[in-house]
Amino acid sequence: MPWNLLLVLVGVQRLADDWQMPSQIAKIELTHLRELEILLNTCFSTPPKHSFFDDFPIWSSFESKDVRVVGIRSDSKKLLASCGVRFAQLRRGSEEFTIAVMGAVATAPDARGKGLATQLVNHVLDLARERKCEAAFLWGSEHALYGRLGFTLQGEQWRLPISHFAGSGAKELTLTKSWNPKIIDTIKLRKTGLKEDTLGASLKRKHTHVEWHWAEDQGRFAFVGFHRGIDLKNVIHEWGGDKDCLVQVLTTLAKSHPQLEIYLHPSHLDGDFVGVTKTDSKFVKEKLALCCPLEKSFAWKEPTWFWGLDSA
Ligand SMILES: CC(C)(COP(=O)(O)OP(=O)(O)OC[C@H]1O[C@@H](n2cnc3c(N)ncnc32)[C@H](O)[C@@H]1OP(=O)(O)O)[C@@H](O)C(=O)NCCC(=O)NCCS
């Protein structure tokens with residue numbers, strides 16, 4: 001093949017790659033998954049014998065075209081920093097829009113304070129703009145760092161101790177502690193949170209720490225999921241199904257797992273949900289997520305909500 005034709009072909013191939021990087025930032029490939037895992041385990045102080053991927057399997061889901069992890073290496077090719085992005089559809093009532101969910105932002109301890117995380121987050125925000133995302137979301141306590149990059153705390157997350165249901169008087173049910181495919185069918189009907197797709201469904205099963213409990217009573221089905229990981233331990237972050245059956249499930253769980261709390265958005269309480277009113281003083285109210293608008297037209301609106309397994 002003539003050398004000039006070869007150059008043209010290489011050029012075309014590069015143009016076709018929508019993940020082209022500036023020289024120092026590169027997509028992390030599947031072959032470097034273990035190296036990424038070591039960086040994340042170190043930076044997030046994952047307990048011995050556990051993996052960061054146990055709680056965040058999204059960042060090892062390299063088979064999905066909607067997931068990318070990018071990194072920066074040293075001259076000797078050691079992985080110094082990482083940042084992950086998942087492109088997804090967010091539901092808000094009858095609306096649906098494209099967003100970027102970010103996570104796995106980490107810099108090796110000896111490489112911190114040199115702007116690596118800033119570079120990677122900015123790079124991923126550019127990728128998200130290219131993918132026409134309206135906004136990017138992430139969760140983290142480094143508000144000064146993310147504030148400089150355009151993120152602000154938004155939204156509402158309400159937390160209620162499950163002991164609230166102990167005196168509900170609802171019938172107690174026999175709960176089954178296991179996965180049930182009906183959980184996905186129920187999740188697909190939600191009007192809030194990420195739209196359930198093939199990736200979301202497979203991730204539900206990869207969260208090995210999550211305990212799923214469900215019950216069926218007179219043809220009605222309800223479920224809860226809790227213990228996502230270190231940051232959502234003792235929190236019911238997934239729930240759904242028939243409302244009366246759900247109250248019965250929560251009433252039953254209040255006896256066996258009195259330490260649990262349930263997360264919800266105030267809009268979930270519309271229509272007399274779970275026999276709780278918005279004015280109940282036991283609610284702990286928190287901000288939901290850090291949000292960076294990417295489209296000029298983007299405006300924060302309620303009810304915007306992420307279920308526990310949506311966050312990254
Ligand atoms: C947060 C982290 C990714 C920053 O990486 P970095 O490459 O040093 O970041 P940059 O050099 O781009 O920016 C440094 C800024 O981060 C902020 N920062 C770093 N660690 C922080 C922490 N633990 N708490 C609050 N802010 C922090 C500082 O405000 C610093 O700003 P300054 O330069 O004004 O002092 C890195 O400290 C880390 O890996 N931490 C552990 C994992 C983690 O918590 N990740 C974020 C979860 S989303």
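Student: Which residues does Leu-40 touch, not counting residues up to four places away in sequence?

Tutor: With those neighbours set aside, Leu-40 touches Phe-52, Ser-82, Ala-104 and Ala-106. Two residues are in contact here if their C-beta atoms, placed from the backbone, lie within 7 Å. Please note that this is a predicted model, in which local features need pLDDT of at least 70 and side-chain atom pairs count only at pLDDT 80 or more, while totals for chains, interfaces and linings use all residues. Residues are numbered from 1 along each chain as its sequence is written.

Student: Which helix does Leu-40 lie in?

Tutor: Leu-40 belongs to helix α2, residues 33–43. Helices (H or I, at least four residues) and strands (E, at least two) are DSSP runs, numbered from the N terminus.

Student: Is Leu-40 buried or exposed?

Tutor: Leu-40 is buried, because 23 other C-beta atoms lie within 10 Å. The term "buried" requires 20 or more other C-beta atoms within 10 Å of the residue's own; "exposed" means 12 or fewer, and "partly exposed" falls in between, with C-beta atoms placed from the backbone.

Student: New topic. What domains does the protein have?

Tutor: The domain assignment gives domain 1 (20–155 + 289–293) and domain 2 (157–286). Such bounds come from an automatic or database domain assignment. The centres of the two domains, taken over C-alpha atoms, are separated by 28 Å.

Student: How many residues of domain 1 are in contact with domain 2?

Tutor: On the side of domain 1 there are 14 such residues, which are in contact with 16 residues of domain 2. The elements giving two or more residues to the domain 1 side are α3 (52–55) and β3 (79–92). The largest share, 4 residues, comes from β3. By class, the domain 1 side has 4 nonpolar, 5 polar and 5 charged residues. In this scheme Ala, Val, Leu, Ile, Met, Phe, Trp, Tyr, Cys and Pro count as nonpolar, Asp, Glu, Lys and Arg as charged, and the others, Gly among them, as polar.

Student: What does β3 pair with in the antiparallel sense over 11 bridges?

Tutor: That partner is β4. Two strands pair if DSSP finds at least two bridges between them. Gln-89 stands opposite Thr-98 in β4. The hairpin of β3 and β4 has 2 residues between the strands, and Gly-93 takes a positive phi near 65° there. Strand β2 (residues 67–73) also pairs with β3 in the antiparallel sense, over 7 bridges. In that pairing, Gly-71 has Ser-82 of β3 as its bridge partner.

Student: How many bridges join β3 to strand β9?

Tutor: There are 3 bridges between β3 and β9 (residues 192–194), and the strands run antiparallel. Gly-193 in β9 is the bridge partner of Arg-91.

Student: And the ligand: which residues come nearest?

Tutor: Of the 19 residues around the ligand, Thr-107, Arg-112, Ala-117, Thr-118 and Gly-140 come nearest. A residue counts as near a molecule or strand if its C-beta atom, placed from the backbone, lies within 6 Å of it. At least two residues of the shell come from each of β4 (95–107), α4 (116–130) and α5 (143–148). The shell divides into 10 nonpolar, 6 polar and 3 charged residues.

Student: In what order do the strands of the open sheet come?

Tutor: The 7 strands follow the order β8-β10-β11-β12-β13-β7-β14, with mixed pairing. The edge strands, each pairing on one side only, are β8 (176–177) and β14 (284–286). Helix α8 (residues 243–256) packs on the sheet and touches β10, β11 and β12, its direction making about 45° with that of β11. Axes are lines fitted to C-alpha atoms, for helices over the stretch in contact, and angles run from 0 to 180 degrees between N-to-C directions.

Student: How many residues of β11 are buried?

Tutor: Strand β11 (residues 220–226) is mostly covered, with 5 of its 7 residues buried. Strand β10 (residues 211–217) pairs with β11 in the antiparallel sense over 7 bridges, and β12 (residues 235–241) pairs with β11 in the antiparallel sense over 5 bridges.
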